[in-house]
Amino acid sequence: MIDELVRLDKELFLYLNNLGSPDWDPFWLFLSGTWSAVPLYILLLYLSLKQMGPKKTLVLLVAVALLITATDQLANFFKYGLQRLRPCYDPEINTLMRLVKSSCGGRYGFFSAHAANSFAAAFFCTCLLKSKWNILGIFLLSWASLVSFSRIFIGVHFPLDVFTGALIGLILSWLFAKLYIFVIHKYHV
């Protein structure tokens with residue numbers, strides 16, 4: 001059963017990865033990069049200050065920092081615990097794929113910390129920052145999806161790495177949103 005799932009994951013990776021083209025590579029690399037989200041984070045900080053005020057925003061920033069630390073460290077725990085090779089290190093497929101980055105990253109890739117972190121931040125802010133017609137939530141989750149899928153298109157993660165990372169990011173962000181609300185009410189912030 002697991003062998004079949006891994007085989008299908010590799011096939012799906014090769015299909016999606018090879019859909020990429022040099023014309024789109026800069027876009028996927030930009031989305032996958034650290035600095036692409038800075039304007040978004042500045043906007044979220046502004047919205048938080050406007051809706052919640054400085055005290056709740058400070059608690060929100062601490063919660064987001066702890067959330068990202070948790071998702072990141074959990075990803076590292078799984079990567080080194082399970083030791084599933086990234087696509088570029090997998091001798092079965094590494095000659096059939098496109099590696100867009102100059103390097104592949106660490107040897108192991110299950111699960112994607114990029115996917116976990118982007119979905120965690122997006123869903124956490126969606127839960128706490130209310131917007132008319134929930135446009136903010138749709139935008140944030142679309143952004144998280146693009147960031148996550150960029151990892152496949154540039155050749156550094158399998159689809160299952162990305163899907164698992166997104167799912168873990170969603171679960172942890174929901175838990176942290178509940179914790180945030182509890183702290184805000186308990187301590188009357």
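Modeller: The largest pocket holds about 700 Å³ of space, where a pocket is, on a 1 Å grid over the protein atoms alone, an open set of points where a 1.4 Å probe fits, with protein on both sides within 12 Å along at least five of seven lines. This is a predicted model, in which local features need pLDDT of at least 70 and side-chain atom pairs count only at pLDDT 80 or more, while totals for chains, interfaces and linings use all residues. Residues are numbered from 1 along each chain as its sequence is written, and side-chain values use heavy atoms, leaving out hydrogens and water.

Biologist: Which residues are the closest to the centre of that pocket?
Modeller: Of the 36 residues that line the largest pocket (an atom within 4 Å of a point), Ala37, Tyr41, Ile68, Asn117 and Ser118 are the closest to its centre.

Biologist: And which helix gives the most to the lining?
Modeller: Helix H3 does, with 13 residues, a helix being a DSSP run of H or I of at least four residues, numbered from the N terminus.

Biologist: Switching topic, how do the axes of H4 and H5 cross?
Modeller: The axes of H4 (residues 113-128) and H5 (residues 135-153), which are lines fitted to C-alpha atoms over the stretch in contact, come within 9 Å and cross at roughly 180°. That crossing makes H4 roughly antiparallel to H5 (an angle over 145 degrees).

Biologist: Which residues make the contact?
Modeller: With contact meaning heavy atoms within 4.5 Å, Phe119 and Phe123 are among them on H4, and Leu140 and Trp143 are among those on H5.

Definitions and conventions. Axes fitted to C-alpha atoms, helices over the stretch in contact; angles between N-to-C directions. Helix = DSSP H or I, 4+ residues; strand = E, 2+ residues; numbered from the N terminus. Parallel < 35°, antiparallel > 145°, perpendicular 65-115°, else oblique. Points joined across faces, edges and corners; volume = space filled by probe spheres on them.
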